[in-house]
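Keep the viewer open as you read.

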Amino acid sequence: MKLQGRNLSLRMKGEDVKLLHGELRKLGHRIAAAETSKQLFGASTRQAVMDFQEKHRLKTTGVVDERTAKRINAEVGELPQPEP
């Protein structure tokens, strides 16, 4: 996931939020269906981001900044790849 010139936070919508949802879900976080269907950064997305930040000793803001995005990318990159 690459931030497209903006940090991701509450009430934002878009493809980058959709990608964030997918990556957080791959890492075992729950995102409310109402948020995923609308590509909305809502309360459950914020909580998942805060849980991730806390686990990885990042500043717990609930906002996906460059540092948080890089750590999410690293974690997703370390996941086992499914066989074709």
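Predicted model: local features only at pLDDT ≥ 70, side-chain atom pairs only at ≥ 80, totals over all residues.

His29 sits in the loop between helix 1 (15-26) and helix 2 (33-38).

Which residues does His29 contact, once neighbours within four places in sequence are left aside? They are Leu24, Ala48, Asp51 and Phe52. Two of those names, Ala48 and Phe52, come up again among the buried residues of helix 3.

The buried residues here are Ser44, Thr45, Ala48, Val49, Met50, Phe52 and Gln53. What do they pack against? Helix 1, helix 2 and helix 4 (66-77) are the partners.

## Two loop residues with positive phi

Most residues other than glycine have a negative phi. Gln39 isn't a glycine, yet its phi is positive, at about 55 degrees. You'll find Gln39 in the loop between helix 2 and helix 3.

Arg57 also has a positive phi, near 55 degrees, and it is likewise a residue other than glycine. It comes just after helix 3, in the loop between helix 3 and helix 4. Is Arg57 buried or exposed? At 78% relative accessibility, Arg57 counts as exposed, since the threshold is over 50%.

## The chain as a whole

Zooming out, the protein chain has 4 helices and 0 strands, which read α-α-α-α along the sequence. For 84 residues, a compact globule would have a radius of gyration near 12 Å, and the chain's 12 Å agrees with that. Along the principal axes, the C-alpha atoms fill a box of roughly 35 × 30 × 25 Å.

Of the 84 residues, 38% count as buried. Take the contacts between residues at least 6 apart in sequence: 42% of them join residues at least 24 apart.

## Surface and charge

The chain exposes about 5,600 Å², with carbon and sulfur atoms supplying 48% of that area. As for charge, there are 16 positive and 11 negative ones, and their mean positions are 5 Å apart.

Terms used: Residues numbered from 1 in each chain as written. Heavy atoms only, no water. Rg over C-alpha atoms; globule rule 2.2 N^0.38 Å. Buried < 20%, exposed > 50% of the residue type's maximum accessible area, 1.4 Å probe, protein only. Contact = heavy atoms within 4.5 Å. Areas by Shrake-Rupley, 256 points an atom, 1.4 Å probe, with all protein chains shown as cover. Lys, Arg positive; Asp, Glu negative; His and termini not counted. Charge placed at Lys NZ, Arg CZ, Asp CG, Glu CD.
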